[in-house]
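Please keep the sequence and the structure in view while reading.

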Amino acid sequence: MLAEPDVQKELAARLKDHARALGFDLVGVVDPARSAHVPHFRRWLAAGLHGDMAYLARADAVRRRGDLSLSLESVRSAVVVGQNYYVHAGDGEPDSAWGRASRGIIARYARGRDYHKVIEGRLRALHRWIESEAGSPVGGRVYVDTGPILERELGQRAGFGWFGKNTMLIAPRHGSYFFLGILLLDLALPVDEAFAEERCGTCRRCLDACPTGALKGYDANGAPVMDARLCISYLTIEHRGPIPRDLRRPIGNRIFGCDICQEVCPFNLKFAELTSEAGYAARGPGERPVGVQAEAGSEEGRHPGTHAPSLIELMKMTPDHWDSFSRGSAIRRAGYAGFKRNVAVAIGNWLRQVDEPQPEAIAALIDALADPQPLVRGHAAWALSETSAREAPQALAARLETEVDPFVREELVDALRP
Ligand code: B12
Ligand code: SF4
Ligand code: SF4
């Protein structure tokens, strides 16, 4: 008969095999000891670097980040998983919208099915498996970016990798294109060794490539710092209001999220491999993500998909088309107005670069001046001001005559300035 520690060791080994069979690429177990990174997190909040992500700063949520037992009182271990999501256009190019300013770039993590759904379901299956192995109920709780947990710190403690200067957790033989998920358990398991090295060395490619200067390098404690208020991912997904004017141009044609600081990272250039998860693949026009069901009675099929979508078509999306485009996808988080705001900015950045007239794009922007959402109207005004189209000043002036929203008026006045 095996001694108790051997039984636990054997269970942990089988649990890891089972997690891999469920589609996870990385798996480790950590002690639910108090977080060592919470003081850094508090300093980050105190400096206001989280922008308007108020949910991060809630006092109870900050306390829970420091102490996993506030999320599961009886927690005795945490299983940490990582799942590769690397996808590219499939035509041999790393990204088919690179260098095609009339197309939008959607960050890789959001081109297919919403990862929260995929990973949550698998972690629940892992939990059920543990209960069946234990022969009795085991308390457990699942998190995938769905609660106040410092997931990257747990990933580092599980031995996955180190914090790069781009603030990503980087696994030495995988790179950083992986999601994290956590299963808290009321079951003691042998823990893995934390990843103790830092492998960026003198490299600073991500710092140099970030178009907005959001990455600030390591601080005196060895923690990488990001000013999220400048990050394109924050601006195009989390931020609810207008995009600050000076940040609109650097966004280029990135309409949801940003992968630049991962694209330039030598660990991704060398090790990134396509994910085996079919659900994460980009979708063609009108397609739903793999695994997402059609909604009865809803209008399907009227969107350009996530594979280098045409900005003009995105700009013309109605709320119904948006509903079908974003269903079952992480893209939904931006909301209809936020997403169209991003598309308007990208169109402005495209039209600034081209000499040939683009009547369809101009017409879509002029229509957007009458959008019910002030956020969309305001950014459409900015986008028109970035063009040399003859119709633009007339359309802007006409809108100014009837516009009542103060933000949109300000944008219109600014756009009309010579
Ligand atoms: C808020 C958030 C964002 C914000 C802020 C990002 C940031 N860098 O802080 C925004 C909207 C910008 C964002 C963007 C993205 N995100 Co995000 N995001 C989160 C979320 C919900 C919380 C992160 C957080 O608390 N940030 C605050 C900082 C202070 O904490 P931290 O990043 O966890 O880690 C810090 C400390 O641990 C500390 N630290 C590191 N080493 C040391 C050493 C010492 C001694 C000390 C004291 C501290 C210390 O420094 C780290 C960075 O500042 C997590 C999910 C989660 N619950 O953790 C996902 C998460 C971090 N995001 C993820 C992803 C995929 C992205 C994007 C790639 C999406 C995209 N393509 O657009 C980008 C990447 C941008 C980037 N370079 O980070 C993944 C990252 C996976 C990975 N391999 O790292 C996560 C884990 C979601 C998931 N479940 O998979 N995100
Ligand atoms: S995700 Fe983009 S904007 Fe944000 S830090 Fe990385 S390169 Fe900069
Ligand atoms: S690009 Fe260089 S500095 Fe940045 S995370 Fe990758 S290895 Fe580190």
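In this predicted model, the centres of domain 1 and domain 2, taken over C-alpha atoms, are separated by 40 Å. Domain 1 comprises residues 4–86 together with 112–199, and domain 2 covers residues 310–418. Where the two are in contact, each contributes four residues: four come from domain 1 and four from domain 2.

The extent of this contact can be expressed as an area. In general, the size of an interface is often given as the accessible area lost when the parts come together. Between them, domain 1 and domain 2 bury about 260 Å², and 51% of that area lies on carbon and sulfur atoms. On the side of domain 1, Y55, G112 and D114 supply 76% of the area buried against domain 2, more than any other three residues.

What kinds of interaction cross this interface? One residue pair in polar contact is found between domain 1 and domain 2, both residues having pLDDT 80 or more, while the number of salt bridges found across it is zero. The side of domain 1 that touches domain 2 consists of one nonpolar, one polar and two charged residues.

Salt bridges do occur elsewhere. Side chains of opposite charge can pair when their charged atoms come close. A search of the whole structure finds 29 salt bridges. One of them joins the side chains of E238 and R333, with an N to O distance of 2.8 Å. This pair links distant parts of the chain, 95 residues apart: E238 belongs to helix 8, whereas R333 lies in the loop between helix 13 (319–326) and helix 14 (335–353).

Attention may now turn to the ligands. Ligand 1 has 40 residues around it, of which H37, E151, N166, P224 and S233 come nearest. Several backbone atoms also approach this ligand. A backbone N or O atom of P224 lies 2.7 Å from an oxygen atom of ligand 1; for L169, the corresponding distance to an oxygen atom is 2.9 Å. I149 places a backbone N or O atom 2.9 Å from a nitrogen atom of the ligand. Among the elements that give two or more residues to the shell around ligand 1 are helix 2 (38–46), helix 6 (151–157), strand 7 (178–185), strand 9 (224–226) and helix 8 (232–238). By class, this shell holds 24 nonpolar, eleven polar and five charged residues.

Which residues are around ligand 2? They are C210, T212, A214, L215, M226, C231, I232, C258, I260 and C261. Nine residues of the shell around ligand 2 are nonpolar and one is polar, with no charged residues.

Methods. Residues numbered from 1 in each chain as written. Chains lettered and ligands numbered in written order. Predicted model: local features only at pLDDT ≥ 70, side-chain atom pairs only at ≥ 80, totals over all residues. Heavy atoms only, no water. Near = heavy atom within 4 Å. Polar contact = N/O pair within 3.5 Å; in protein donor to acceptor, adjacent residues only side chain to side chain. Helix = DSSP H or I, 4+ residues; strand = E, 2+ residues; numbered from the N terminus. Nonpolar A, V, L, I, M, F, W, Y, C, P; charged D, E, K, R; others polar. Domains from an automatic or database assignment. Contact = heavy atoms within 4.5 Å. Buried area = accessible area lost by both parts, 1.4 Å probe. Salt bridge = Lys/Arg side-chain N within 4 Å of Asp/Glu carboxyl O.
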